[in-house]
Amino acid sequence: RDLYMGSPLASGTIKTTRTNVIGSGLTLNAQIDYEFLGLDEDQAADWESNTEREFNLWANNPSECDAGRTLTFSRLQGVAFVASLVSGEVFAMTPYIKNTGCLYGMKVFLLEADYIDSPLTPDYTKDIQAGIALDKFGAPLAYWVANQHPADTAKQAQLKYNRILAFGSKSGRRNVLHIMADIDRPRQRRGAPILASAFEDFKQLDRYQKA
């Protein structure tokens, strides 16, 4: 983060990577297996066109797709990608929020990596690694999410952690998406910033340019 905010070379590297990878963002190009579904080509084309139209209505309206009602889906992708590179990871939750005047309830809520951490006095007996409760195979069971940034010393007394299930208990639906820049080791559960191994080199170049 220090490099991203203070080193033009590092910041430019991250932003250029975002532009090359994300671009204008992912879009839906529906192509269903209509023969398996018992549909003809005209029915399949109608379904695909309607589904793409519904997706665009959701993705291009910040009030529909963003829990914070600020970003479109394409901008959410860009923010998530940069955060995953700079911090090594980012978390995305998909709460169901039916706002007045909105057609769809599913939202995307991005959460910085700092908010996922182990509480000082956990009341959950399963194995917890850096804020993530795991089963015996290392699969995520739940995430411990802080109600505020842990580094906010002014409100440290109000810091609390909520346990969010990784999968819905009834639906099995994924509640939390853990997006990591890269995984290098078995059972690795937290990410490392992409520039971590080159931190000293970037610092040396930055100091040299300023000198």
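Predicted model: local features only at pLDDT ≥ 70, side-chain atom pairs only at ≥ 80, totals over all residues.
Residues are numbered from 1 along each chain as its sequence is written. Local features need pLDDT of at least 70, side-chain atom pairs count only at pLDDT 80 or more, totals for chains, interfaces and linings use all residues, and side-chain values use heavy atoms, with hydrogens and water left out.

**Exercise 1. The overall layout**

Task: State how many helices and strands the protein has, and in what order they run.

Solution: 
- Start with the terms. Helices (H or I, at least four residues) and strands (E, at least two) are DSSP runs, numbered from the N terminus.
- Count them. There are six helices and seven strands.
- Read the order from the N terminus: α-α-α-α-α-β-β-β-β-β-β-β-α.
- The C-alpha trace spans about 65 × 50 × 40 Å along its principal axes.
- Buried means under 20% relative accessible area, exposed over 50%, and partly exposed in between (1.4 Å probe, protein chains only). Of the 211 residues, 32% count as buried.

**Exercise 2. Helices H2 and H5**

Task: Describe how H2 and H5 cross, and name the residues that meet.

Solution: 
- Locate the helices. H2 covers residues 8-21 and H5 covers residues 73-86.
- Take the geometry. Axes are lines fitted to C-alpha atoms, for helices over the stretch in contact, and angles run from 0 to 180 degrees between N-to-C directions. The two axes come within 10 Å and cross at roughly 135 degrees.
- Classify the angle. That makes H2 oblique to H5. The cut-offs are under 35 degrees for roughly parallel, over 145 for roughly antiparallel, 65 to 115 for roughly perpendicular, and oblique for the rest.
- List the contacts (heavy atoms within 4.5 Å). Ile14, Thr17, Arg18 and Val21 in H2 meet Gly78, Phe81, Val82, Leu85 and Val86 in H5.
- Sort them by class. The contact has six nonpolar, two polar and one charged residues. Ala, Val, Leu, Ile, Met, Phe, Trp, Tyr, Cys and Pro count as nonpolar, Asp, Glu, Lys and Arg as charged, and the others, Gly among them, as polar.

**Exercise 3. Helices H2 and H6**

Task: Work out how H2 and H6 pack.

Solution: 
- H6 spans residues 199-210.
- The axes of H2 and H6 are 8 Å apart, at an angle of about 125 degrees.
- H2 and H6 are therefore oblique to each other.
- H2 brings Pro8, Leu9, Ala10 and Thr13, and H6 brings Phe202, Leu205 and Asp206.
- By class, this contact has five nonpolar, one polar and one charged residues.

**Exercise 4. Aromatic pairs**

Task: Classify the ring pairs that involve Phe73 with Phe55 and with Trp58.

Solution: 
- Rings of Phe, Tyr and Trp (its six-membered ring) pair if their centres lie within 6.5 Å; planes under 30 degrees apart are stacked, over 60 edge-to-face, and the rest tilted.
- The structure holds four aromatic pairs.
- Phe55 and Phe73 have ring centres 6.0 Å apart and planes at 85 degrees, so this pair is edge-to-face.
- Phe55 lies in H3 (residues 41-59) and Phe73 in H5, so the pair ties together parts 18 residues apart in sequence.
- Trp58 and Phe73 are tilted, at 5.1 Å centre to centre and 55 degrees between the planes.
- Both Trp58 and Phe73 are buried.
- Put together, Phe55, Trp58 and Phe73 form one aromatic cluster.

**Exercise 5. Leu111**

Task: Decide whether Leu111 is buried or exposed, and find what Leu111 touches.

Solution: 
- Leu111 lies in strand S2 (residues 109-112).
- Its relative accessible area is 7%, so Leu111 is buried.
- Leu111 touches Val90, Phe91, Met93, Ile116 and Val145, not counting residues up to four places away in sequence.
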